[in-house]
Amino acid sequence: MSSNVVKTAEELVQPILQEKNLELVDIEYVKEGKNWFLRVYIDKEGGVDIAECGTVSEQLSEKLDESDPIKDAYFLEVSSPGVERPLKSKEDFEENINNNVYVKLYEPINGEKEYEGNLMEFTNNTATIEYKVKTRKKQVEIPYEKIAKARLAVTL
């Protein structure tokens, strides 16, 4: 059910975003407590502002009301992915070389299932991350298919 909702929401929001030169980062349909949430994350070069999120929310809400793909009551949220934006595609990895990333794996590499560090390169479907162990820098090569989740990571 939730995958159908996500797919339908994506089909409805894409024309709205294309018209405004915005990018769809992610859509999730999740239940939290008693409530369902349809969350749409959008972005553009330089970031999105609250007015853009509001406009997309209004237009998407109208489209969702017309097609009525969700039978339960739900809350629609349209927002920026924030500074810890998820990396959902190979293109996201390619565009974020030299940025700090957090990666969670399906299975361990070198005994670890999580890495955080600088994304050095992404070639041949492999991410190379430079990370620190105490004061020493190390590198790990992670095949794309072993990545369960990835996002940008804020460094302080």
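**Pockets and cores in a predicted model**

Me: Hi! What classes of residue make up the lining of the largest pocket?

Reply: By class, that lining has nine nonpolar and eight charged residues, with no polar ones. Keep in mind that this is a predicted model.

Me: Good to know. What volume does the largest pocket have?

Reply: The largest pocket comes to about 400 Å³. It is lined by 17 residues, and the closest to its centre are Pro86, Leu87, Lys88, Lys149 and Ala150.

Me: And which strands supply that lining?

Reply: Strand 1, strand 4 (100-109) and strand 8 (147-152) each supply at least two of its residues. Strand 8 has the largest share, with five residues.

Me: What about the second largest pocket, how much space lies in there?

Reply: About 300 Å³. Of the 14 residues lining the second largest pocket, Asp43, Lys44, Glu45, Gly46 and Arg85 are the closest to its centre. By class, the lining of this second pocket divides into three nonpolar, five polar and six charged residues.

Me: OK, let me step back. How many helices and strands does the protein chain have?

Reply: Three helices and eight strands. Starting at the N terminus, the elements run α-β-β-α-β-α-β-β-β-β-β.

Me: Thanks! And what are the rough dimensions of the box that the C-alpha atoms fill?

Reply: Taken along the principal axes, the box is roughly 55 × 30 × 30 Å. The protein chain has 156 residues, and 35% of them count as buried.

Me: Switching to the inside: which residues in the largest nonpolar core touch the most other members?

Reply: Those are Val13, Leu38, Val40, Ile42 and Val56, in a core of 20 residues. Helix 1 (2-19), strand 1 (23-32), strand 2 (35-43) and helix 2 (50-67) each supply at least two residues of this core. Helix 1 gives the most, with six.

Me: Which residues does valine 40 touch, leaving out those up to four places away in sequence?

Reply: Valine 40 touches Val13, Leu24, Asp26, Ile27, Leu60, Leu76, Glu77, Val78 and Ser79.

Methods
Residues are numbered from 1 along each chain as its sequence is written. This is a predicted model: local features need pLDDT of at least 70, side-chain atom pairs count only at pLDDT 80 or more; totals for chains, interfaces and linings use all residues. Side-chain values use heavy atoms; hydrogens and water are left out. A nonpolar core is a set of buried Ala, Val, Leu, Ile, Met, Phe, Trp, Tyr and Cys residues joined through side-chain atoms within 4.5 Å. Buried means under 20% relative accessible area, exposed over 50%, partly exposed in between (1.4 Å probe, protein chains only). Helices (H or I, at least four residues) and strands (E, at least two) are DSSP runs, numbered from the N terminus. Contact means heavy atoms within 4.5 Å. On a 1 Å grid over the protein atoms alone, a cavity is a set of points where a 1.4 Å probe fits but cannot get out, and a pocket is an open set with protein on both sides within 12 Å along at least five of seven lines; lining residues have an atom within 4 Å of a point. Grid points are joined across faces, edges and corners, and a volume is the space filled by probe spheres set on the points. Ala, Val, Leu, Ile, Met, Phe, Trp, Tyr, Cys and Pro count as nonpolar, Asp, Glu, Lys and Arg as charged, and the others, Gly among them, as polar.
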